[in-house]
Amino acid sequence: VTTDAFQGQGTICHLHFALRSDNFDVRAVHLLVHQIRDASVATHASLHSFIGDTLVASWNATKRVGKPESKACSFAWQVMQATQKAATASSSNVIHSRPTSSYTVSGGIASGGVRALFGGDDRLRLFNISFPAWSDRLGELCRLAKECQCICIDANTKKQSQFDFGVRAIG
């Protein structure tokens, strides 16, 4: 049994999908999953969870990447675009389609100190990431983002990615 630990700076992206459509079909979901995979590869993300309507990804927790804050913002933007494409593809596959349904991708991106633990053996390899100093902040960003139907980032992520993305404040 081995246990490896890492302590350092990381970035977490927690996204929530609200796909409100009777027309959202399996082909559209397939397209969305593939585009999310492509976005994670392009931005060097580690996908930790993609269950139901929630996705969690990180940068610098399982492997080192440059500009993790910018990569997280790019990933979120690509996921938003992928969701729109999937919703459009879904409505075009239905014979008696209603107008493209409303959908949202919302979530939070935050950066700070993380501790990652790897443990187990060849039969079972486990991974755990903790960020207790700022997990509440990420939760608040996600709640606000859901209300505003947007992606909210913390001050550290904004500071590190502001030259790569247009960032604007919300009311």
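Among contacts (heavy atoms within 4.5 Å) between residues at least 6 apart in sequence, 71% join residues at least 24 apart. The model you are looking at is predicted, so local features need pLDDT of at least 70 and side-chain atom pairs count only at pLDDT 80 or more, while totals for chains, interfaces and linings use all residues. Residues are numbered from 1 along each chain as its sequence is written, and side-chain values use heavy atoms, with hydrogens and water left out.

Let's trace the chain. Its secondary structure comes to 4 helices and 6 strands, where helices (H or I, at least four residues) and strands (E, at least two) are DSSP runs numbered from the N terminus. Along the sequence they follow the pattern β-α-β-β-α-β-β-α-β-α.

Now for the surface. The chain has an accessible surface of about 9800 Å², 55% of it belonging to carbon and sulfur atoms; areas come from the Shrake-Rupley method with a 1.4 Å probe, and for residues only the protein chains shown count as cover. Of the 171 residues, 39% are buried, meaning under 20% relative accessible area, with exposed over 50% and partly exposed in between (1.4 Å probe, protein chains only).

Ser46, in strand β2 (residues 46–51), counts as buried because its relative accessibility is 11%. Leaving aside residues up to four places away in sequence, Ser46 touches Val56, Ala57, Ser58, Thr62 and Lys63.

Val33, by contrast, sits in helix α1 (residues 26–42) and is partly exposed because its relative accessible area is 39%.
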